[in-house]
Amino acid sequence: MPTVSATLLEDLRSRIDSQAARVAVLGLGYVGLPILAAFHDAGYPVLGFDTDPGKISQLKAGRNYLPHLGPGLAQRLAASARFEATSDAAALARADVFLICVPTPLGPHQEPDLSFVLETARAIGANLPAGRASLVVLESSTYPGTTRDELAPAILSAADNGRGTPPPSPPLPAGSPASTGSAARPVLGETLFVAFSPEREDPGSTTYTTRTIPKLVGGLDGASRDLAAALYSAAVEMVVPVSSAEVAESAKLLENIYRAVNIALANEMKTVLDGLGIDVWEVIEAASTKPFGFMPFYPGPGLGGHCIPVDPFYLSWKAREAGIPARFIELAGEINHAMPGYVVARVSRALNASGRAVKGARVLVMGLAYKPDVADVRESPSFELIELLLDLGALVSYADPFVKRTPPMRRWRIDLEAVEPDAATLATQDCVLISTAHSSFDYAAIARHARLVVDTRNAMRPHAAEMGDRLVRA
């Protein structure tokens with residue numbers, strides 16, 4: 001006769017396989033909202049949870065606050081009987097599966113900040129459904145060991161403390177052991193299953209979507225891994241199980257450290273070749289003709305997005321805890337984080353060469369988002385560029401068709417409204433600084449009307465001959 005926990009596990013697996021399991025997604029940002037929509041479209045009932053009531057009210061009204069996802073997504077969810085959005089943690093007791101998609105930023109000393117993960121874990125633990133098995137999957141990028149050593153204990157501790165009073169659970173299927181202890185403590189690997197599956201979102205991409213990007217899955221045990229793999233198999237085309245949560249956590253870091261290190265190489269090449277009077281962009285283009293052993297990476301004004309500027313420091317911090325220096329990774333981080341200062345120094349020299357001091361100069365920053373053609377400003381280097389220029393006394397404005405006003409940020413306190421980069425505006429600027437190369441910017445107009453352009457993205461290359469000394473690459 002199967003044990004109670006075995007029967008609960010079988011029931012959870014059956015609910016996952018039949019799309020009857022309710023999937024709660026905690027954190028409805030650039031990662032959480034697309035994965036919630038993917039599970040909804042796969043046929044699951046979904047529960048969106050976020051502490052920001054503004055996001056909840058917009059979703060309920062069918063309005064999408066992430067423009068790159070298109071208006072249809074929010075409208076489709078709002079019209080569905082299988083969709084619920086809430087800021088009430090007690091509603092989590094109605095879920096079978098919990099996907100954690102919250103920020104994992106850096107603290108003031110470049111140390112990992114797991115406060116959002118741990119707060120979310122406690123909310124789940126305080127509201128675990130009674131009499132049923134549950135699956136919790138962390139998707140937020142983090143260092144190896146977080147899922148096992150931080151997330152799972154936080155869930156269990158909150159469950160032990162009895163935080164919150166869950167609403168009545170829905171009835172169990174016939175034959176399930178409903179009499180087993182609604183007050184019973186969840187047991188890892190028996191009634192509580194925990195896994196890590198790193199997000200791999202590429203906001204604004206038309207090539208890769210939530211459904212087509214392969215999903216890594218690693219569990220704290222085999223049952224957790226298998227449950228998570230079965231779940232994601234319904235919403236994505238390829239699931240790749242790995243032997244442990246730690247392998248999945250480390251793979252996510254490697255993916256982004258690989259990019260950060262190679263971008264640092266491109267940035268260092270830029271500074272060296274600039275000093276030698278050589279066009280780094282032409283060098284990269286030339287090297288890219290080699291059909292093997294080379295992949296192009298490009299310099300820029302700094303790193304943006306949630307992962308690449310952050311993940312290397314998560315691993316280097318964990319390495320120091322183990323007494324193992326991550327010198328190569330830390331050096332790449334230093335190079336990339338120095339780029340905004342390098343760009344501002346180039347702006348200062350370019351203005352000086354044109355007979356203008358930085359103090360009092362009008363500087364228009366083109367692009368606030370961290371990548372082209374999206375509204376995503378997470379860790380965007382444009383904020384640091386603006387702040388550095390303001391500190392030097394420049395009169396700074398910005399243009400971005402996707403970001404009409406600077407949003408509140410954890411690190412930056414800049415309050416500006418976007419301007420229209422029309423001919424009249426361009427002509428009044430002492431310097432136009434291209435930080436993000438949105439495709440909708442009129443680069444020909446910039447070439448015609450701007451007195452000075454400092455280009456960090458090679459966006460003005462088609463107009464280089466026309467501009468002459470008015471164009472500076474940085």
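Reader: Which side chain meets Glu-139 in a salt bridge, and how far apart are the N and O atoms?

Author: Lys-215 does, at 3.2 Å, N to O. Bear in mind that this is a predicted model. To read such a contact, take a side-chain nitrogen of Lys or Arg and look for a carboxyl oxygen of Asp or Glu within 4 Å. The pair passes that test, because 3.2 Å lies within 4 Å.

Reader: Where in the chain do Glu-139 and Lys-215 sit?

Author: They link distant parts of the chain, 76 residues apart. Glu-139 is in the loop between strand E5 (134-138) and helix H6 (146-161). Lys-215 is in strand E7 (residues 215-219).

Reader: Is Glu-139 buried or exposed? And is Lys-215 buried or exposed?

Author: Buried means under 20% relative accessible area. Glu-139 has 2%, so Glu-139 is buried. Lys-215 has 7%, so Lys-215 counts as buried too.

Reader: How many salt bridges does a search of the whole structure find?

Author: It finds 21. One of them joins Arg-461 and Glu-285, with the closest N and O atoms 3.6 Å apart. This pair also links distant parts of the chain, 176 residues apart. Arg-461 is in the loop between strand E12 (453-455) and helix H16 (464-467), and Glu-285 is in helix H9 (residues 280-287). Arg-461 counts as partly exposed, at 30% relative accessibility.

Reader: Which side chain meets Arg-320 in a salt bridge?

Author: Glu-330, at 2.5 Å, N to O. Here two helices are linked: Arg-320 is in helix H10 (residues 311-321) and Glu-330 in helix H11 (residues 327-337), 10 residues apart. Arg-320 is partly exposed, with a relative accessible area of 44%. Glu-330 counts as partly exposed as well, at 25%.

Reader: Which residues are linked in a network of salt bridges?

Author: Arg-15, Asp-96 and Arg-132 are linked in that way.

Reader: Now the cavities. What does a probe show?

Author: Rolling a probe the size of a water molecule over the atoms shows where empty space is left. This structure holds three cavities of 30 Å³ or more.

Reader: What is the volume of the largest cavity, and which residues line it?

Author: Its volume is about 150 Å³. The lining includes Gly-302, Leu-303, Asn-336, His-337, Glu-384 and Trp-412. H11 and helix H13 (381-391) are the elements that give two or more residues to this lining. By class, the lining divides into five nonpolar, four polar and three charged residues.

Reader: Which residues line the second largest cavity?

Author: Glu-139 and Lys-215, the buried salt-bridge pair, are among them. Val-31, Ile-35, Arg-200 and Thr-210 are also in the lining. About 100 Å³ of space lies inside this cavity. Its lining has five nonpolar, one polar and five charged residues.

Reader: What about the second largest pocket: how much space lies in it?

Author: About 1,200 Å³. The pocket is lined by 42 residues. Asp-202, Arg-259, Ile-308, Tyr-370 and Lys-371 lie nearest its centre. Helix H8 (residues 245-276) gives the most to the lining, with six residues. The lining holds 20 nonpolar, 11 polar and 11 charged residues.

Reader: On to sheets. How do strands of a sheet pair?

Author: They pair through backbone hydrogen bonds, either parallel or antiparallel. In this structure, an open sheet of eight strands has the order E3-E2-E1-E4-E5-E6-E7-E8, with mixed pairing.

Reader: Which strands stand at the edges?

Author: Strand E3 (83-86) and strand E8 (239-241) do. Each has a single partner strand, so one side of each is left without a neighbour in the sheet. From one strand to the next, the twist averages 25 degrees.

Reader: In what sense do E2 and E3 pair?

Author: Strand E2 (residues 46-49) pairs with E3 in the parallel sense, over four bridges.

Methods. Residues are numbered from 1 along each chain as its sequence is written. This is a predicted model: local features need pLDDT of at least 70, side-chain atom pairs count only at pLDDT 80 or more; totals for chains, interfaces and linings use all residues. Side-chain values use heavy atoms; hydrogens and water are left out. Buried means under 20% relative accessible area, exposed over 50%, partly exposed in between (1.4 Å probe, protein chains only). On a 1 Å grid over the protein atoms alone, a cavity is a set of points where a 1.4 Å probe fits but cannot get out, and a pocket is an open set with protein on both sides within 12 Å along at least five of seven lines; lining residues have an atom within 4 Å of a point. Grid points are joined across faces, edges and corners, and a volume is the space filled by probe spheres set on the points. Ala, Val, Leu, Ile, Met, Phe, Trp, Tyr, Cys and Pro count as nonpolar, Asp, Glu, Lys and Arg as charged, and the others, Gly among them, as polar. Two strands pair if DSSP finds at least two bridges between them. Axes are lines fitted to C-alpha atoms, for helices over the stretch in contact, and angles run from 0 to 180 degrees between N-to-C directions.
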